[in-house]
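I opened a new structure today and kept notes as I went.

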Amino acid sequence: MELSERKKQILKAVVEHYIDSAEPVGSKMLSQELGVSSATVRNELAELCDLGYLEQPHTSAGRVPSPQGYRLYVNELMERRNVSPEEAAGIDETLRGKLEGMGGAMTNAGQLVSSIVNYPAYSVTSGNAALTVERFELLPVDATSFITVVMTSDKSVKSQLQSAALAFDAARLGDLKNLLNTHFTGKSRAEMSTRLMSVGEQLSPELFLVLSKTVEYASGILDEASRRDVETTGASRILKMPEYRDVDRAHELMTFLVDNKENLPVPDDGAPLKILIGPENVSEALRDTSVVVASYDIGDGMRGLVGVVGPTRMDYATVTARLSYFAESMAKMFGKNELPPAEKSDT
């Protein structure tokens with residue numbers, strides 16, 4: 001059912017008053033603000049409740065938005081806003097002052113977002129499933145030990161001292177290295193496993209063990225790089241919110257953010273910004289919360305993600321504006337490998 005413009009106006013007012021005050025909104029206040037009779041407002045509020053957009057916590061109390069009401073507000077009624085010049089300058093200053101290179105950016109993204117929006121936040125680094133091995137090196141140590149050196153396609157180098165169950169001829173490691181660089185570079189983990197089986201028959205048992213150990217080590221590196229990393233921060237901020245004055249309720253959400261962070265929403269539809277309200281969150285612990293998630297391009301086929309967790313009474317307009325600006329700044333930083341420029345002084 002399409003709502004009338006007056007119903008939309010009243011719903012918008014209820015949502016925004018409730019976001020500001022955390023108190024149910026009564027008809028008298030709305031009547032004075034909107035210039036509509038109290039009787040008309042009461043009728044409209046009752047119909048909005050019947051339609052599922054508002055709820056009445058107690059018989060004599062005012063109304064509060066339902067998840068359905070928040071959804072209509074976010075989709076149609078909320079006034080979209082951009083960050084102010086002052087907000088942009090503050091976010092840029094935060095980025096310049098707190099991020100130390102790309103590694104620091106990914107580690108601290110959630111912490112910075114939490115400080116910007118004053119809600120708990122989390123950051124997700126998607127794994128690089130496209131990573132492959134670019135080069136192998138094998139260095140003999142003794143008759144049963146060798147060092148495997150692996151350079152991946154992102155130019156990272158890792159090495160490990162390994163032991164073989166059978167003694168091998170160190171002079172043959174050069175041939176084995178050539179075989180690795182011919183048949184196992186630029187391949188996925190599955191492709192390397194297939195190649196290992198196909199070339200195994202060409203090697204003596206002791207050399208096959210060296211080859212197998214090396215491929216296993218390289219596969220482990222690729223597997224680790226492909227994993228998703230989730231970090232949460234600012235969980236204690238919910239203690240300042242009226243919704244979480246109940247200690248048990250606050251403890252449940254805080255525990256989820258710390259111990260079950262892998263279950264936080266990680267949208268994979270490529271949308272730059274996504275808002276999940278109340279029951280739209282799959283996890284039971286998030287059924288009374290809203291989550292706003294923004295993604296940004298890291299490069300090399302990878303994406304980073306930052307999310308904000310708060311009550312359904314979240315200030316959606318402010319959170320979406322600041323989170324979007326932060327994500328856009330992160331994308332620019334990774335794309336250009338530089339932090340936002342400092343503002344020029346007027347001197």
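**Entry 1: a glutamine in a strand**

I began with Gln162, which sits in strand β6 (residues 157-163). Helices (H or I, at least four residues) and strands (E, at least two) are DSSP runs, numbered from the N terminus. I noted that this is a predicted model: local features need pLDDT of at least 70, side-chain atom pairs count only at pLDDT 80 or more, and totals for chains, interfaces and linings use all residues. Residues are numbered from 1 along each chain as its sequence is written, and side-chain values use heavy atoms, with hydrogens and water left out.

Is Gln162 buried or exposed? I found it buried, with a relative accessible area of 7%. Buried means under 20% relative accessible area, exposed over 50%, and partly exposed in between (1.4 Å probe, protein chains only).

Next I looked at its side chain. The side chain of Gln162 makes a polar contact with that of Thr148, at 2.7 Å. Such a contact is a pair of N or O atoms within 3.5 Å; within protein, one must be able to donate a hydrogen and the other to accept it, and residues adjacent in sequence count only if both atoms are side-chain atoms. Not counting residues up to four places away in sequence, Gln162 touches Thr144, Ser145, Phe146, Thr148, Lys213, Thr214 and Tyr217. Contact means heavy atoms within 4.5 Å.

**Entry 2: the cores**

I then looked for nonpolar cores. A nonpolar core is a set of buried Ala, Val, Leu, Ile, Met, Phe, Trp, Tyr and Cys residues joined through side-chain atoms within 4.5 Å. The largest one has 72 residues, and Leu11, Tyr122, Tyr316 and Phe326 have the most contacts inside it. Helix α11 (residues 316-336) gives the most to this core, with 10 residues. Another core lies apart from it, with 25 residues, among them Val133, Phe168, Leu176 and Ile221. In soluble globular proteins, nonpolar side chains tend to be buried together.

I also checked Phe326. Beyond four places in sequence, the residues that Phe326 touches include Ile91, Leu95, Ala109 and Val306.

**Entry 3: two helices**

How do α7 and α9 pack? Helix α7 (residues 173-183) and helix α9 (residues 205-226) pack at an angle of about 45°, with their axes 11 Å apart. Axes are lines fitted to C-alpha atoms, for helices over the stretch in contact, and angles run from 0 to 180 degrees between N-to-C directions. That makes α7 oblique to α9. Angles under 35 degrees count as roughly parallel, over 145 as roughly antiparallel, 65 to 115 as roughly perpendicular and the rest as oblique.

I listed the residues that meet. Leu173, Leu176, Leu179 and Leu180 in α7 meet Leu207, Val210, Leu211, Thr214 and Val215 in α9.

**Entry 4: loops**

Thr132 is in the loop between β3 (121-125) and β4 (133-142). Thr132 is buried, at 15%. Gly278 is in the loop between β8 (273-277) and β9 (289-299). Gly278 is also buried, at 0%. I compared their positions: Thr132 and Gly278 are 146 residues apart in sequence and 40 Å apart in space, C-alpha to C-alpha.

Last, I looked at Lys155, in the loop between β5 (145-152) and β6. Lys155 has a positive phi of about 75° although it is not a glycine. Lys155 counts as exposed, at 52% relative accessibility.
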